[in-house]
Amino acid sequence: MAETGNDIKKAASLLRAGELVAIPTETVYGLAANALNSDAVAKIFEAKNRPHFDPLIIHVPSFDAVSLYASEVPNEAKQLAEKFWPGPLTLVLPKRDIVPDLTSAGLDTIGIRCPDHALTRSLLQTLDFPLAAPSANPFGYVSPTTAQHVDQQLGDRIAYILDGGSCEIGIESTIVGFEESHPVIYRFGGLPLESIIDVVGPLKTRAHSTSNPRAPGQLKSHYAPGKRVILGDISILLKEVSNKVAVISFKTDYKIPNQIVLSPKGSLHEAARNLFSALRKVDELPVDIVFAELVPNEGIGRAINDRLTRAASAH
Ligand code: TXA
Ligand code: MG
């Protein structure tokens, strides 16, 4: 068990000493360390068992800090940050040398974002360095959306958990990079594609699974619970298979015992908020298999479908 509370001073002094602190954000909880201190960043990789080829996102208190760590900020990056920061948008930009190679996994770019959570923004404002923070889960597993989720899996490896309640959005940030100064989506997330198009017009997406990922969040099998997840039409799946099953549905009540309905009223935002808790919950249920269904592929629904598809690719 890690010590848990909302003491920003304590979190700040641990981070200054090069320790790990879990932090709340509007998307998911992050496992934070001083992004400019290689020894501190190394502890993140160790605690998560994360491969060193997987770069970390740097968290800053405001857009003003971006030019300290990024050597170039394309116009469209500026426009997106102006419109959506603080918020669930990560920008991939050319890196300055001040950011250690370990943080960027040797890439000459960094992922950078300004999270929208009052506690974490106050924390960032008191620090004179940015925070590297991947999601606070063991590599490949479902991201945590509560302090308890973090504690269950990484509690014995973290100095302190800053408890900011459950995450408002519940799914990781949308990642946008720039290729020849044109924006490209690398990962669907909390900020809908439609909102980005409103600002920069139509853009490419490379958020599909690949064996040579630009963002390892693109790895085909990721964000996965321990149980086998099968995606499809749940009413048909329930007829065909006899194993002990759990169901994760969008809004339909299938009237079986081990069932989680993500949003009875059919809200994609509510479904996103509940998705990762649901994937964790089915791991605790006495079932062998999980049936799940895709949600409407629009707005934040794209990110939900992306995570469900990856969860289903794991076994
Ligand atoms: O919402 C979020 O983004 C959360 C919260 C804690 O901020 N963080 C998060 O971090 O999801 P993580 O490490 O679980 O996922 C970050 C993804 C990884 O797949 C990583 O490869 C990608 O961001 N990434 C980071 N830097 C990158 C870069 N320079 N180029 C391409 N992808 C990058
Ligand atoms: Mg992650």
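## Arg 280 and its surroundings

The side chain of Arg 280 makes a polar contact with the side chain of Gln 153 at 3.3 Å, where a polar contact is a pair of N or O atoms within 3.5 Å, of which, within protein, one must be able to donate a hydrogen and the other to accept it, and residues adjacent in sequence count only if both atoms are side-chain atoms. This is a predicted model, in which local features need pLDDT of at least 70 and side-chain atom pairs count only at pLDDT 80 or more, while totals for chains, interfaces and linings use all residues. Side-chain values use heavy atoms, with hydrogens and water left out, and residues are numbered from 1 along each chain as its sequence is written.

Arg 280 is found in helix α10, residues 268-284, a helix being a DSSP run (H or I) of at least four residues, numbered from the N terminus. Arg 280 is buried (under 20% relative accessible area, with a 1.4 Å probe and protein chains only; exposed is over 50% and partly exposed lies in between), yet it has no salt bridge, since the nearest side chain of opposite charge, Glu 284, is 7.3 Å away. A salt bridge would need a side-chain nitrogen of Lys or Arg within 4 Å of a carboxyl oxygen of Asp or Glu; Lys and Arg count as positive and Asp and Glu as negative, while His and the chain ends are not counted. Not counting residues up to four places away in sequence, Arg 280 touches several residues, including Asn 137, Tyr 141 and His 149, contact meaning heavy atoms within 4.5 Å.

## Ile 234

Ile 234 lies in helix α9, residues 234-240, and counts as buried at 0% relative accessibility. Although Ile 234 and Phe 291 are 57 residues apart in sequence, their C-alpha atoms are 6.3 Å apart in space. Leaving aside neighbours within four places in sequence, Ile 234 is in contact with residues among them Val 247, Tyr 254 and Phe 291.

## Two domains

The protein chain is divided into domain 1 (3-205) and domain 2 (228-313), with bounds that come from an automatic or database domain assignment. The contact takes 23 residues from domain 1 and 15 residues from domain 2, and the domain centres, taken over C-alpha atoms, are separated by 27 Å.

## Cysteines

With a disulfide taken as a pair of cysteine sulfur atoms within 2.5 Å, the count comes to zero disulfides. Cys 114 is in no disulfide, and the nearest cysteine sulfur, that of Cys 167, is 16 Å away, which is too far for a bond. Cys 114 is buried, with a relative accessible area of 2%, and Cys 167 is buried with 3%.

Definitions and conventions:
Chains are lettered from A and ligands numbered from 1 in the order in which they are written. Helices (H or I, at least four residues) and strands (E, at least two) are DSSP runs, numbered from the N terminus.
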